[in-house]
Amino acid sequence: MIRIIAAFGLCALSLIPLLWMVATSFKPPAEYVSTSIALWPQDPTLTHYRVLLDGGMWRLGLNSVVVALGTVGLSLLAGLPAAYALARFELPKRFDIVFLGFVLVIKLAPPIALAIPLYQVLRALGLLDTHLGLILANQILALPFAIWMLLGFVRDVPYSFEEAAMLDGAGFLKRLLEIVVPLLMPGLVATAVFVAIMSWNEFLFALLFIQTPSKFTLPAFIATLINEDETLWGRLSAMGLIASLPVLFAVGLVRRGLTREVSVDQH
Amino acid sequence: MIASRRLLPWLLLTPALLIFAGLTLYPLGRTLALSLFATDYGFENATFVGLENFRELWDSRFFRQAVTNTVVFTLVSTVLEVAAGLGLALLLNRAFPGRTLIMTLLLAPFVLSTMVVTAIWRAWFHFDLGFLNNLLRTVGLPGVPWLFDPNLALWSIVLVDVWQTAPFAFLIIFAGLRLIPQDVYEAARVDGAGPWRRFRDMTLPLLAPYLFVAALLRSVDSFKLFDKVYAMTGGGPGQATETVSMFVYRQGFRFFDIGLASAAAVVMIVVAGLLAVVYAASLLKGAGR
Amino acid sequence: MRMMGKALGAVLMLAGLSLPAAAQDRLVIAGRDAGFAPALAKMVELYQAKNPNVKIERLELGGGPLYERLAVGAREKTAATDVAMLDDIWAPEFMARGWLTDLDSVGGLPGEFVKSAIDVSKHNGKLYAAPFVGNIAMFAYRKDLLAKHGFERPKTWSDVVKAAQVIQDKEQGVSGLVFRGIKGNPIVTSFLPVLWAHGGDVVTADGKAVLDTPEAEKALTQFLSFKALAPKGVETYNATELRDAIQQGRAAIAVEMWSSWAGTLDGNASKVANQVEVVASPGEVKGPAPMLGAWLLAIPADSPNKARAADFIRFVTSPENQKLIALETGNPPTLAALFNDKDLVAKYRWYPAQLEALNVAQARPRISQWARVETILGDYLQLALIGQMQPKQALTEANAQIARALSR
């Protein structure tokens, strides 16, 4: 019993900051620029949301969606074949180990360490200040992750299924698309969701590589709101909530999958 | 057929190889090369200075401070996050109604954009009107200068980091906890071992690899610390929250001292490489078991 | 897989659609946040109403991030900004590197501007920027509180310390003085009037670092003594906090009061209406040297919409709009005649004094590395302010770093 109470208590405690954000987004300025500790708005208002929508906020949301979709698409298109090759073929001279080691270093390397030359690469390609450029830059984070995750999932697909198909004379592409991909679907979806969240929340590259305000992603825009005028908390909270809802929703989806796996493990 | 069979894996690897070559291998090489020059952009008008940039880093009070801060932040936040993750995992290890819901809710801070997290906490840390100080004053305590006391600012950022990422440590440790077979405990209970001894002698050793992985992944991430500092303190007050990432950013994108920035970046990459080796070794060990 | 390919194609197309459309009649304005934002916002609103077909985007940023964005954009020729708002201290770098458009090549700029503000907008006799906000660092004090304790207007910084000490001791809940202590530009601009008053300087006219002097050390020692007289947490104070402290009656003296912040001193939100005197900064061994802090509007050399940008700049700097900005947002104008405008003087009683100050104003060092010099100095000043370094050591190290930056 104590355990349950403690669990619920801790959970509530860790959620107060989020509750504060939700509540503040509905408060008129006089209520949050104050010394009161009341969480709930007394005189709820939609002004902050209206200001954001009138200011073309939806456009920034769309930017984030485009970049996230592009990042997911490219990382799966490049990551799945790579993971398949690493899982299924003997590569000469332990190239697979070298390759995976390199992928690991990239995965662990601080993005800022690559940002300067990357800037110059994107400029040479004419992709600065474009979403395509940002999608490419995001591959530094997304592709190593996708390869590592998919590698595990591909190894879980029994090779015997493919061998059976091969005896039936199915070509490589047919095998990949009709046998491996369908069996891999849960893994692909999970990878896609994680990469999408990663891209949705990415800040550094968006800050550095996007210049035109109408092309900003949500985190880059939020950073411009966290500035000298410190008391724009209503607008900031509304913005934060809008930017968080899709992610929380996505986690709800994946989480359900994860719990199912955990409960299957137990038996 | 044989030839195509040999070519196939390479064909499959090509897209990933192309992306890595253009977006990481080339930039890595370029960073390495630029770190040996004094330049404000690329190799045009650059002067070769050998290891001068590294010597300058070594002499720089601000770089040393940034390294110290980064290391302290990494160690402290990692330890706290793993401890919190372990606590949560033990707490939620037994099934009870609402557990799934709680686990989902606990994950929420981890998946939020760091910018959103920073926005919330910067408001909470506000000295005059912030939620935390309002709370303290309501119960009659004085307000705390969360972000403007140089001895406290880094710990405030640790607090935010623990709040945001302890759930991640929890996820890993919880997965490990589920894999400990229950009969091990049964045997111990029969031997009359109390809960504390069971935890110390059985759970902890069995959980060690997971604790290690959680700590490693968290420390790698903490080592990169940038977003929170950028938006919360800008590295201040003084140099109290300056990190290596902030240092590289400032040298590169504000002062255009590309040589010096690249040298600092090389230092970061070397550290990341070492951590990668440790991680890889632990993965191989795990696979061999 | 085929579906994924299709999805990727669609995404790439979407991304392609948002590539810069150079032919479009657009206007991207990058400007400051905080007190400056309403001025540009109002101008954009009016200009949009007159020119409904122009697609206008406006970006609000803090001082540091704005500089970073503009400088990186100019270096990389990203063509992402059409109108850039520049601090006058950034102008030498932008002009000398050829990052700005000669305004005479895009129709010129009419209007009689304040001399010191037009001076900082020129390079080799050519006009590269339009003065937009005629800011100048003034000094402010509560005349009621100082009179109550027997003080006149402080003539020197030593007088300031004396008066602040007495008020701090005797007035409950009122700090003696307040300044901006956050690192970077704010702490440097708070310190410069004190440094100049002691006869010190950061850089000589021919670009030599001169912070390692006894004058500078005296100035810094005095500046550090301000901290004990200021509200707790002054290390993180920026414009908003300083203005609040004065307006809420929590501090008696503002070491610096930029005229664009003074606009609301007599407003409804102020608890000290008509009690705050805004005057030129005190001196010390030298007379006061008012510091210019003009904000300029310029057209980056890589802007694809120069004619449109020039039209917008002329619109913003027209007499009627400069007056409107001053009346509605408190940002002071740059057209000389407006400082004697009847309506404006009625609202801002210090405008005639401000014009005089503007005419003799001292600009900060006009070197192209100022942004870096300022960051270095700001870092060390703050280390000294939070007590992690002795004044002499801070100045010596800052001087060495600045000398190195200047040699690059």
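**Exercise 1. Determine how many residues of helix α8 of chain B are buried, and describe what follows the helix.**

Solution. Step 1: helix α8 of chain B covers residues 182–190, where helices (H or I, at least four residues) and strands (E, at least two) are DSSP runs, numbered from the N terminus. Step 2: a residue is buried if 20 or more other C-beta atoms lie within 10 Å of its own, exposed if 12 or fewer, and partly exposed in between, with C-beta atoms placed from the backbone. Step 3: among the nine residues of α8(B), the count of buried residues is zero, and the helix is hardly covered. Step 4: just after α8(B), Gly192(B) adopts a positive phi of about 85 degrees.

The model is predicted: local features need pLDDT of at least 70, side-chain atom pairs count only at pLDDT 80 or more, and totals for chains, interfaces and linings use all residues. Residues are numbered from 1 along each chain as its sequence is written, while chains are lettered from A and ligands numbered from 1 in the order in which they are written.

**Exercise 2. Characterise the overall build of chain B.**

Solution. Step 1: chain B contains 12 helices and two strands, arranged along the sequence as α-β-β-α-α-α-α-α-α-α-α-α-α-α. Step 2: its radius of gyration is 24 Å, whereas a compact globule of 289 residues would have one near 19 Å; the radius is taken over C-alpha atoms, and the globule rule is 2.2 Å times the number of residues to the power 0.38. Step 3: the C-alpha trace of chain B spans about 75 × 75 × 30 Å along its principal axes. Step 4: of the 289 residues in chain B, 49% are buried.

**Exercise 3. Describe chain A and the side of chain A that touches chain B.**

Solution. Step 1: chain A has 12 helices and zero strands, and its C-alpha trace spans about 75 × 60 × 30 Å along the principal axes. Step 2: buried residues amount to 46% of the 267 residues of chain A. Step 3: the contact takes 72 residues from chain A and 72 residues from chain B, two residues being in contact if their C-beta atoms, placed from the backbone, lie within 7 Å. Step 4: helix α12 (residues 233–266) of chain A supplies the largest share of the side of chain A that touches chain B, 14 residues. Step 5: by class, this side has 54 nonpolar, 14 polar and four charged residues; Ala, Val, Leu, Ile, Met, Phe, Trp, Tyr, Cys and Pro count as nonpolar, Asp, Glu, Lys and Arg as charged, and the others, Gly among them, as polar.
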